[in-house]
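Please read the points with the model in view.

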Amino acid sequence: MNNLNTFWQANKAIACFTIMGLILLFVGLNQSWALALGIINLSLISAIMALGVNIQWGYAGLFNVGIMGFAALGGVSVVLIAQQPVTEAIDAGGMKMLFALILGAATITAGVLLNRRGVNKWLVSAIVVIGYLFTRYYFSEAADLIEKVDPAITGYLGGFGLPIAFSWIVGGIAAAGAAWWIGKITLGLRTDYLAIATLGISEIILYVIKNEDWLVRGLKNVYGLPRPVPYEVDMQKSEWLQNIVAWIHRSELQLLSQSDQIDKLGDYVRAASVVFVKLSYSGLILLILVAFILLSNLALNSPWGRKVRAIRDNEVAASAMGKNIKRQHLQIFVLGSAIVGVAGALLVTYDGIFIPTAYQPLRFTFLIWVMVILGGSGNNLGSVLGAFIIWFIWIQSGPMGLWVVEMLGNFIQEGNTSLEFIEDRVHYLRLVFMGTILLLIMRFSPGGILPEKNKEL
Amino acid sequence: MTSESIDIINAFALLTNFVILPALSYGSQLALGALAVTLVYSILRFSNFAQGDSMAFGTMLVILISSYMISRGWTITGVPTALLAIPMALIGMSIYLLTMDRLVYRHYRRIKAKSIVGISASIGVMFVTGGIVRFILGASAQRFGDGERFIFSVREFKAYTGLEQGIALKTSQFLTVTIALLLVSFLFYFLQKTKTGKAMRAYSDNKELALLSGIDPDKVVQITWLLVALFTTIAGTLYGLDKGFAPQQYHLLLLPIFASVIVGGIGSPIGAIAGAFLVAFSEIFLTYAYKKFLIYLLPLSMHPTSLVQLIGTEYKYAISFVILVIVLLIKPTGLFKGKVIVDE
């Protein structure tokens, strides 16, 4: 018994991942491969996000409640980098917008510089206010001009039309920039200020995205983002995929007549093309995830990583050893946020569509948190495992809830109004469910499923 | 009177109606919420992220109880039934908060966890609470005020004064300011004069010393949650009577509430109130469109053509955030020096 326990402890990670793999295999065989791969891909993207948060929370104890905002910045950069520019809109208001933005930037710079020079505070405030009023005037005029250009299809400036892979890097940089600014202000102060400030910034980023139609079309969504992988339609025409599918199903196809054979083959090829596209995404995302894990594990075991953990475990002692805690925290916060930004960009790339209303604090901030805590804070593999488990529960809990309601419905008479009412709102119970999971893990197993190995230095 | 001086009076009537009265009542609602956060922070030593959703929970109880009362005809003409439902809702809210404390927070108090752990726990509670509220009442906005909507309406005011611009006093605004005044006076009386209040302050100032003096920590914590229930339920109900009930709106109230607390100096009750009014007034002053106001004051040739709105209403939460950032940059301890809690 004791042997079994030590064996379990030693191989817990492998065992957990195997079980998770088997469950997904089960979904693939019983429901559909497209569904299973969809779960895997979103789990992988969530795993990258969880990795970023784990770096902040597990390595440095920094509490980021604005994961959603950083992910949204990644999403915006996909639109701004990969979409084709809308030349008419740029002709209509591009220059004016550029002028307004430069004016705004100049106002802020002037304000900061004059303030540093020790110029009279009231004078500085007056300059900033006047600069702001002018900026706002030109800005709203330019935004109006741009939004009037064919609002049903464009009504925004579009992007740079660059390869989409480039936007992942830009997404990371954008998130890092926001994180640097927030960190600069709040780190070094009380720990909860960072939490409050990140909560604030993420809501504001979202308000900007929803309201500034000239930038990313606001609530009208951006459709048809370019893809890094081939389209299903093109795949269906490719001969090698047809050959493979025909070979896999050869025994079944042989039994059919000629015309049935072609129909059936067509069906199989369509299904296979979906699976192929999802598989290509899986490969791509997995590659990025593995790269991030390797890099962060390398970093964590380097002298830099030891310093990071020393600061986390005892700030006072580390500070006495001459380590600059604020700078270290800023570094980690920016790094973690950048990874979240990359993941946010990957998510929009995978969806192929940018929907501002999809950014919900529950779906992003909170779910990622539960993943990190469940998996084991401080352990990168744990975050990945947590991502898979929580995303799987999340996806399956919707249908499960409805199923429970239907079972209840068999006991209660048909057409009961209270039942419809429950069906309508049962998905809100997911919030309660996830919150309870978080509270339970924190209470009874603070280390998570795969606790950090080298906790003691 | 000359037409110019009447214009000036009209302009200020306009400002009173659309800026000052709304800001006064919004500020009072924020102040009550901010006081609840301050209480939790001083005694339980963590920032309660569940405050917004707790307010939604309290309001939900009020809505459920008052709709039952209306269906039974237990109403008083002219008085919003929601007010009559508050005492019952308070009992429910106290039970809810005490249960949450027993199930969640007590453990971390006992093991003397870092305050950041309290925050993560409160985020868990936030989602559980928000989920329950949305499950029971749905996520869409609704109004639950009944009775007289106005103490005096714009038309009555105009008929009485003969001005072009009227001022209306909404029942909800009047109630908000009156009840907030009463509650705040009660809180200060309680903290300064009663034995329990003094024990709470002692506990907040120095936990170890308070324990040595024979103060029962469990009792202090319980009283705190009861006070939090009182402030949370009433703040939520008043906000809902004024602006309607929508769970997401309540969830987002967290930002202005935290901004108020930090601007005032975290842990200082007076600071929380001052911060709340600062946030409320800045929010409404900056998002108000001054076009009509300026038309009254300026000569015809200078009449503005645009709305003259400094910041779009959609960015009102950004204002709390900017205030927060400015305070953190200039004076991180807040206007009134708050307390800084060091992890044990």
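**Notes on the model**

1. Chain A splits into two domains: domain 1 (2–85 + 158–444) and domain 2 (86–157). The bounds come from an automatic or database domain assignment. The model is predicted: local features need pLDDT of at least 70, side-chain atom pairs count only at pLDDT 80 or more, and totals for chains, interfaces and linings use all residues. Residues are numbered from 1 along each chain as its sequence is written, while chains are lettered from A and ligands numbered from 1 in the order in which they are written.

2. How far apart are the centres of domain 1 and domain 2 of chain A? Taken over C-alpha atoms, the separation is 35 Å. Eight residues of domain 1 of chain A contact twelve residues of domain 2 of chain A. Contact means that the C-beta atoms of two residues, placed from the backbone, lie within 7 Å. On the domain 1 side of chain A, the touching residues are four nonpolar, one polar and three charged. Here Ala, Val, Leu, Ile, Met, Phe, Trp, Tyr, Cys and Pro count as nonpolar, Asp, Glu, Lys and Arg as charged, and the others, Gly among them, as polar.

3. Within chain A, look at helix 11 (residues 239–248) and helix 13 (residues 258–300). Their axes come within 9 Å and cross at roughly 115°. Axes are lines fitted to C-alpha atoms, for helices over the stretch in contact, with angles from 0 to 180 degrees between N-to-C directions. Helix 11 and helix 13 of chain A are therefore roughly perpendicular. Angles under 35 degrees count as roughly parallel, over 145 as roughly antiparallel, 65 to 115 as roughly perpendicular and the rest as oblique. A:Leu241, A:Gln242, A:Val245 and A:Ala246 in helix 11 meet residues of helix 13 that include A:Tyr268 and A:Phe276. This contact of helix 11 with helix 13 in chain A has eight nonpolar, two polar and no charged residues.

4. Chain B has 14 helices and two strands. Helices (H or I, at least four residues) and strands (E, at least two) are DSSP runs, numbered from the N terminus. The radius of gyration of chain B is 22 Å, close to the 20 Å that the globule rule gives for 344 residues, so chain B is as compact as a globular protein of that length. The radius is taken over C-alpha atoms, and the rule is 2.2 Å times the number of residues to the power 0.38. Along the principal axes, the C-alpha atoms of chain B fill a box of roughly 70 × 55 × 40 Å.

5. Now the interface. 32 residues of chain B contact 33 residues of chain A. Helix 3 (81–110), helix 4 (115–137), helix 11 (254–264) and helix 14 (316–330) of chain B each give two or more residues to the chain B side. Helix 4 of chain B gives the most, with 14 residues. The chain B side has 22 nonpolar, eight polar and two charged residues.

6. How do helix 3 and helix 4 of chain B pack? Their axes come within 9 Å and cross at roughly 160°. The two helices of chain B, helix 3 and helix 4, are therefore roughly antiparallel. B:Met100, B:Val104, B:Tyr105 and B:Tyr108 meet B:Val117, B:Gly118, B:Ala121 and B:Val125. By class, that contact between helix 3 and helix 4 of chain B has seven nonpolar, one polar and no charged residues.

7. Helix 11 and helix 14 of chain B have axes that come within 9 Å and cross at roughly 25°. Helix 11 and helix 14 of chain B are therefore roughly parallel. Their contact has ten nonpolar, one polar and no charged residues.
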